Amino acid sequence: MIRTTIRATTRIARLATAVALAVAGLASAASAHAAEYPGKPITFVVPFGPGSATDLLARALSASIAKQTGQPVVVENRPGASGAIAAQRVARAAADGYTVLITTNTTQAANPHLFKRLPYDPTKDFVPLTALGRGGQVLVVRADAPYRTVEDLVRAARQAPGKLSFGSGNSSSRMAGEMLQQLTGTDIVWVGYNSNPNALNDLLGGHIDMMVIDTVTGLSQIRAGKLRPLGASTRQRLPELPAVPTLDEAGIKGYDMGYWFAAYVPAGTPASVPARLRQLLVTAVDSEGARAFFRSSATQPWTTTAAELGEFQNAESMKWARVIKAAGIKPE
């Protein structure tokens, strides 16, 4: 009996030692993996076209990370399907930290409520890294349009239901336009595009009447005198357009619609890699190139922990669900 107990105790001790060695080996391998990362070029996948706000931010961040690591960072634009093409591309990529989704609330919070089926799950298919920035949009018309104020535009829309149109190339822009209709009781035709720069080109060309556009995409045309800004989408006036009232101030009470940027990698990526990549991104957000982007776009730099981003994304998804339902939009 004593010998049996001794043998059992010995086996347990050996097993415990083996487990401890295995855990130590895994920890050592993870540490080595993190130390080696990145050992090859990284790809930033952007859901919108060149020149969009997300694209410009991704390029500023990529330059900083390339400088930090000595590895190239390639920006790959995959516009279309409200960002679903890019999100699916990253969701199905190797979970090694070398394919990163630089995206917005469009893919991670709005799309689940705008589409009956998505080729990706915005929560289960990704590991959150950090938020990158947040900002507002601006309601614009062509400089030669007859509308001088928000009141002028709303009056014209009410007098001719279904005659005026607004364009959008992402969910934030579309929902901003839908909220405008919802809160003013107007009927304005939505025209969809695969990116906001394309919608902007049609606005300048006279094919649509208005947009609620992310500030970075529209600001240069506003400053060039080609677009007339009527109202900011946020509760506070935009720092780059201090003379432009908010839509709430302009009479559309309760209007508040912002946007945010964030970074994700595929689910299953070893934990040490997202931690390292988050450090690189946080440093990149404070780089001169990123600061120039934030200054020019009326966007605020904003970083979080991975857990904070996950919680924020869930809260935003619930908010978008309420807005979309109130706007009467049925999932496509």
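Reader: What classes of residue line the largest pocket?
Author: Six are nonpolar, nine polar and two charged. Charged is Asp, Glu, Lys and Arg; nonpolar is Ala, Val, Leu, Ile, Met, Phe, Trp, Tyr, Cys and Pro; the others, Gly among them, are polar. This is a predicted model: local features need pLDDT of at least 70, side-chain atom pairs pLDDT 80 or more, while totals for chains, interfaces and linings use all residues. Numbering runs from 1 along each chain as its sequence is written, and side-chain values use heavy atoms, without hydrogens or water.

Reader: How many residues line the largest pocket, and which lie nearest its centre?
Author: The lining has 17 residues. Nearest the centre are A81, S82, F115, W190 and Y193. On a 1 Å grid over the protein atoms alone, a pocket is an open set of points with protein on both sides within 12 Å along at least five of seven lines; a cavity is a set where a 1.4 Å probe fits but cannot get out; lining residues have an atom within 4 Å of a point.

Reader: What volume does the largest pocket have?
Author: About 200 Å³. Volume here is the space filled by probe spheres set on the points, which are joined across faces, edges and corners.

Reader: Where does the largest pocket lie?
Author: Between two domains, because domain 1 (42–135 + 259–327) and domain 2 (136–250) both give residues to its lining. The bounds come from an automatic or database domain assignment.

Reader: Which residues line the second largest pocket?
Author: R134, D256, M257, G258, Y259, W260, F312, E316 and K319. By class, that gives four nonpolar, one polar and four charged.

Reader: Switching topic. How many cavities of 30 Å³ or more does a search of the whole structure find?
Author: One. The largest cavity has a volume of about 140 Å³.

Reader: Which residues are closest to the centre of the largest cavity?
Author: A53, T54, T104, N170 and D214. They are among the 16 residues that line the largest cavity.

Reader: And the classes in the lining of the largest cavity? What are they?
Author: Eleven polar, four nonpolar and one charged.

Reader: Which domains does the lining of the largest cavity draw on?
Author: Domain 1 and domain 2. Each of them gives at least three residues to the lining of the largest cavity.
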